[in-house]
Amino acid sequence: MSLSVRGQPYKIPEYSLTGDLLAYLVCGLQYRYYSRGSLPPSTPVQLWFGEFIHGVMEEAYLEWKQSQRRKRFPWNWDPDIREIELRINQRLRTRGLNPPPRLFCPYDSSFNREGWCSDTNHPHRLIASERTEAAINTWGQHLFPLIDDPEVRLKGIREMPNYQPGISRCNYYGITGVIDVISSVNLQDAPSGNLILHYIHQNHELQQIITNLATTEYEIIIDYKGMRRPPTNDPTWQHHEWQILTYAWLRSQQPQSISIVAGIIFYLNELALSIEDLRELQKDIANN
Ligand SMILES: [Zn+2]
């Protein structure tokens, strides 16, 4: 009696724009070590702050949603925002992400040594905290009411280009992505005085699209970045455009999605610039 051999499982390879394509474009060898070889990455300042600000904004949104008191802005840094910061910092630490010194004070007032700070007057409102406070108090009241779904995980599937049976890994490949915020707007009950909607409706091109919609509802895709706005001739600027377009495509593949009219990126570091940011901004202006 001969036993039949079980075939290889049919597995569609999955990629994400940020985790795979952009990481590969930065350095192919590094991508091979970190992503495919699972070598733990070092934690540069931007990575930590990006994760931190995402966590803080999401947590702030949940508090806003659950509590009447939180519907009033501005929030106080200490204790309202500070409590969220410490919680997110704790969460990042368990994942091995520690705050870079001079960016964030991780101590509360009961800590009586200097630690990484310049004196013992903890908590210090360092630049990461200036930015979380500015982000919540500048955009929270406009952003939170528009949030329909935070942290939306999406998957899409595409045909493998140049597919050759028996040679290519698979005839399809998957694309994954996590959208920070999907907001659905119904023109009939849109919140009045909302700055984000105001900017969208002021944009001539977008207004045209919205007027021509068959329904009164549309979606906006929102992404936060814990960085300054890159110059428009920088590859990063183009990568962010790809990212928004990829998310819009992924979203459009979902049966419950409605027309996506705009993608918005918030470069949250612009709300509180460091000296280094100002120097870079000066360079950008000099380069037109
Ligand atoms: Zn401190």
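Modeller: One term comes before the close look. A polar contact is a pair of N or O atoms within 3.5 Å; within protein, one of them must be able to donate a hydrogen and the other to accept it. Keep in mind, too, that this is a predicted model.

The part I pick is Ser 16. It sits in strand β1, which covers residues 14-16. Is Ser 16 buried or exposed? Its relative accessibility is 16%. Buried means under 20%, so Ser 16 counts as buried. Now look at its side chain. A polar atom there lies 2.9 Å from the backbone nitrogen of Gly 19. Which residues touch Ser 16, once neighbours within four places in sequence are left aside? They are Leu 21 and Thr 176.

Now step back to the whole chain. It has 288 residues, and 39% of them count as buried. Nine helices and five strands make up its elements. Read from the N terminus, their order is β-α-α-α-α-α-β-β-α-α-β-α-β-α. The C-alpha trace spans about 75 × 50 × 50 Å along its principal axes. Take the contacts with a separation of 6 or more: residues 24 or more positions apart account for 70% of them. The accessible surface comes to about 17,600 Å². Carbon and sulfur atoms hold 50% of that surface.

Next, move to helix α3, residues 45-66, and find Glu 63. Glu 63 is buried, because its relative accessible area is 17% and the cut-off is under 20%. Its side chain makes a polar contact with the side chain of Arg 87, at 2.9 Å. Arg 87 is also on the list of residues that Glu 63 touches, together with Arg 70, Trp 75 and Ile 84. That list leaves out residues up to four places away in sequence.

Two helix pairs come next. Helix α4 spans residues 77-94, and helix α5 spans residues 127-143. Their axes come within 11 Å and cross at roughly 105 degrees. Angles of 65 to 115 degrees count as roughly perpendicular, so α4 is roughly perpendicular to α5. On the α4 side, the contact is made by Trp 77, Ile 81, Arg 82 and Glu 85. On the α5 side, Ser 129, Thr 132, Glu 133, Ile 136 and Asn 137 take part. By class, the contact has three nonpolar, three polar and three charged residues.

The second pair is helix α6, residues 195-202, with helix α7, residues 204-211. What angle do they pack at? It is about 90 degrees, with the axes 5 Å apart. They are therefore roughly perpendicular to each other. Ile 200, His 201 and Gln 202 of α6 make the contact with His 204, Leu 206, Gln 207 and Ile 210 of α7. This contact has three nonpolar and four polar residues, and no charged ones.

The last stop is Pro 231. Look for it in the loop between β4 (217-225) and α8 (235-252). Pro 231 is partly exposed, with a relative accessible area of 22%. It touches Trp 237 and Asp 284, not counting residues up to four places away in sequence.

Conventions: Residues are numbered from 1 along each chain as its sequence is written. This is a predicted model: local features need pLDDT of at least 70, side-chain atom pairs count only at pLDDT 80 or more; totals for chains, interfaces and linings use all residues. Side-chain values use heavy atoms; hydrogens and water are left out. Helices (H or I, at least four residues) and strands (E, at least two) are DSSP runs, numbered from the N terminus. Buried means under 20% relative accessible area, exposed over 50%, partly exposed in between (1.4 Å probe, protein chains only). Contact means heavy atoms within 4.5 Å. Axes are lines fitted to C-alpha atoms, for helices over the stretch in contact, and angles run from 0 to 180 degrees between N-to-C directions. Angles under 35 degrees count as roughly parallel, over 145 as roughly antiparallel, 65 to 115 as roughly perpendicular and the rest as oblique. Ala, Val, Leu, Ile, Met, Phe, Trp, Tyr, Cys and Pro count as nonpolar, Asp, Glu, Lys and Arg as charged, and the others, Gly among them, as polar. Accessible areas come from the Shrake-Rupley method with a 1.4 Å probe; for residues, only the protein chains shown count as cover.
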